[in-house]
Amino acid sequence: MVASIVQDLKKCFKVYKKPGSVSRGSAFLDFLLGIGNQGLHGFFLRKYSDGVHPEPAADAITAIFDATFNDPGLKLSWNISMDRFLTNFDIKQILVNHANVTCWDDLPDADKEACFQNSSTDISRLPNWYTMVKHVDYI
């Protein structure tokens with residue numbers, strides 16, 4: 001349940017990797033032509049080559065993609081439980097609305113662990129299901 005939601009999120013944020021011999025710049029230029037955007041295609045050809053030959057532009061675009069997406073500055077960590085960023089009530093709402101969970105017994109240990117850190121080894125980490133209520137902030 002929750003683990004499958006996490007897997008779906010991982011698919012949305014796939015790690016950008018260098019493919020073998022495929023030029024991402026060339027694929028990008030082909031994509032622009034494929035969607036009928038000759039104007040943007042021509043812009044990249046003029047900006048990164050002589051305006052006629054796509055190879056230099058494709059190489060330049062590939063280098064830009066590599067510098068942007070292979071930079072170690074952006075790192076995604078998937079082994080963080082939801083309680084690090086969400087309130088208990090928010091976690092409960094996600095489980096109720098998107099996973100059809102009505103109590104902690106409905107979830108396997110791996111899904112509980114995805115919600116609350118160390119909950120599979122320490123059951124006291126799980127809040128009481130029935131007392132998790134939305135808190136109203138007063139201004």
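**View 1. Helices H2 and H3, whose axes come within 7 Å and cross at roughly 150°.** This close-up is taken from a predicted model. An angle over 145° counts as roughly antiparallel, and H2 and H3 are therefore roughly antiparallel to each other. Their crossing is left-handed. On the H2 side, the contact is made by Phe28, Leu29, Leu32 and Leu33. On the H3 side, Gln38, Leu40, His41, Phe44 and Leu45 take part. Sorted by type, the residues of this contact are 7 nonpolar and 2 polar, with no charged residue.

**View 2. His41 in helix H3, which spans residues 38-48.** Is His41 buried or exposed? The relative accessible area of His41 is 12%. Buried means under 20%, so His41 counts as buried. Leaving aside residues up to four places away in sequence, His41 touches Leu29, Leu32 and Leu33.

**View 3. The crossing of helix H2 (residues 24-34) with helix H4 (residues 54-69).** The two axes come within 6 Å and cross at roughly 110°. H2 is therefore roughly perpendicular to H4. The crossing is right-handed, whereas that of H2 and H3 is left-handed. From H2, the residues that meet H4 are Arg24, Gly25, Ser26, Phe28 and Leu29. Their partners in H4 are Pro54, Ala57, Ala58, Ile61, Thr62, Phe65 and Asp66. The residues of this contact divide into 7 nonpolar, 3 polar and 2 charged.

**View 4. Arg24, a residue of helix H2.** The relative accessibility of Arg24 is 12%. With the limit for buried set at under 20%, Arg24 therefore counts as buried. Arg24 is one of the H2 residues that meet H4. How far apart are the C-alpha atoms of Arg24 and Ile61? They are separated by 7.5 Å, although the two residues are 37 residues apart along the chain. Ile61 is among the H4 residues at the contact with H2.

**View 5. The largest nonpolar core, with 12 residues in all.** Its members are Met82, Ile91, Leu95, Ala99, Val101, Trp104, Leu107, Cys115, Phe116, Leu126, Trp129 and Met132. Which helix gives the largest share of this core? Helix H5 (residues 88-99) does, with 3 residues. Another core, of 7 residues, lies apart from the largest one. Leu29, Phe44, Ala57 and Ala58 are among the residues of that other core.

**View 6. Asn100, in the loop between H5 and helix H6 (109-115).** Most residues other than glycine have a negative phi. Asn100 is not a glycine, yet its phi is positive, at about 55°. The relative accessible area of Asn100 is 66%. Exposed means over 50%, so Asn100 is exposed.

**View 7. The protein chain as a whole, with 6 helices and 0 strands.** Read along the sequence, the pattern is α-α-α-α-α-α. The chain has 139 residues, and buried residues make up 24% of them. Among contacts between residues at least 6 apart in sequence, 57% join residues at least 24 apart.

How values were computed:
Residues are numbered from 1 along each chain as its sequence is written. This is a predicted model: local features need pLDDT of at least 70, side-chain atom pairs count only at pLDDT 80 or more; totals for chains, interfaces and linings use all residues. Side-chain values use heavy atoms; hydrogens and water are left out. Axes are lines fitted to C-alpha atoms, for helices over the stretch in contact, and angles run from 0 to 180 degrees between N-to-C directions. Helices (H or I, at least four residues) and strands (E, at least two) are DSSP runs, numbered from the N terminus. Angles under 35 degrees count as roughly parallel, over 145 as roughly antiparallel, 65 to 115 as roughly perpendicular and the rest as oblique. A crossing is left-handed if the near helix is turned anticlockwise from the far one by less than a right angle, and right-handed if clockwise. Contact means heavy atoms within 4.5 Å. Ala, Val, Leu, Ile, Met, Phe, Trp, Tyr, Cys and Pro count as nonpolar, Asp, Glu, Lys and Arg as charged, and the others, Gly among them, as polar. Buried means under 20% relative accessible area, exposed over 50%, partly exposed in between (1.4 Å probe, protein chains only). A nonpolar core is a set of buried Ala, Val, Leu, Ile, Met, Phe, Trp, Tyr and Cys residues joined through side-chain atoms within 4.5 Å.
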